[in-house]
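Subject: A structure for you to look at

Hi,

Here is the structure I promised to pass on to you. Please have a look at it first, and then read on for my notes.

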Amino acid sequence: MRSPSVLTAPIASSVVVATKTFDPDAFVGVAAGEDGLPGIAGVDDGANGVVDDPAELGATGSDDRVLVLTADQYRDQPALIPLVLARGGWIVADRADDVSRQPMRTFFVATSRNGAWEWMTEKKSREQVAGDREQD
């Protein structure tokens, strides 16, 4: 039986795109995209006779986008997310204590002459690690 061939290529660059931590109080929602209009601009995506009404937010093929805001951000500017879908989401970790208390994900992108790869690593919070030790 032949062993499989493995192709390797030197990585030209590897960049950390973001380090995020889970915030159970964050708001996840949909907002209008670059055109500033819900759904596809100038189209009655909801088929209700009204063009570009709020019910069209997140329409397939539109430039609308999903946003995640901290509870403080949402409290200060609720209009940023006209349609809230869920509570709890991954936000950019901006303080060292965020990283130690909450699970953390780091997103990477690497490129070479053969293409680009994206991957994520995950780290447990201090509480999760302590819980694992108690179970051992």
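A question to start with: are F27 and Y74 buried or exposed? Both of them are buried. I will come back to this pair below, once the overall picture is in place.

**The overall picture**

Please keep in mind that this is a predicted model. The protein has 136 residues, and 26% of them are buried. There are 3 helices and 5 strands, and along the sequence they come in the order β-β-α-β-α-β-β-α. If you take the contacts between residues at least 6 apart in sequence, 64% of them join residues at least 24 apart. The protein exposes about 9,500 Å², and carbon and sulfur atoms supply 54% of that area.

**Aromatic pairs**

The count of aromatic pairs comes to 2. One is formed by F22 and W90, with 5.6 Å from centre to centre and 70 degrees between the planes, an edge-to-face arrangement. This pair links distant parts of the chain: F22 belongs to strand β1 and W90 to strand β3 (residues 83-92), 68 residues apart. F22 is partly exposed, with a relative accessible area of 28%, and W90 is also partly exposed, at 23%.

Then there is the pair I opened with. The ring centres of F27 and Y74 are 4.0 Å apart and their planes lie at 20 degrees, so this pair is stacked. Here too, distant parts of the chain are linked, with F27 in strand β1 and Y74 in helix α1, 47 residues apart. As I said above, both F27 and Y74 are buried.

Side chains of opposite charge can pair when their charged atoms come close. In this model the count of salt bridges comes to 2. R75 forms a salt bridge with D72, where the closest N and O atoms are 2.9 Å apart.

D72 is partly exposed, with a relative accessible area of 46%.

**A buried aspartate in a loop**

Please also take a look at D52, which sits in the loop between β1 (13-31) and β2 (65-69). D52 is buried but has no salt bridge. Which side chain of opposite charge is nearest to D52? That is R65, and it is 14 Å away. What the side chain of D52 does reach is the backbone nitrogen of G42, at 2.9 Å. Leaving aside residues up to four places away in sequence, D52 touches L37, P38, I40, A41, G42 and V43.

That is what I have for now.

Best wishes

Terms used: Residues numbered from 1 in each chain as written. Predicted model: local features only at pLDDT ≥ 70, side-chain atom pairs only at ≥ 80, totals over all residues. Heavy atoms only, no water. Helix = DSSP H or I, 4+ residues; strand = E, 2+ residues; numbered from the N terminus. Buried < 20%, exposed > 50% of the residue type's maximum accessible area, 1.4 Å probe, protein only. Lys, Arg positive; Asp, Glu negative; His and termini not counted. Salt bridge = Lys/Arg side-chain N within 4 Å of Asp/Glu carboxyl O. Polar contact = N/O pair within 3.5 Å; in protein donor to acceptor, adjacent residues only side chain to side chain. Contact = heavy atoms within 4.5 Å. Areas by Shrake-Rupley, 256 points an atom, 1.4 Å probe, with all protein chains shown as cover. Phe/Tyr/Trp six-rings, centres within 6.5 Å; stacked < 30°, edge-to-face > 60°.
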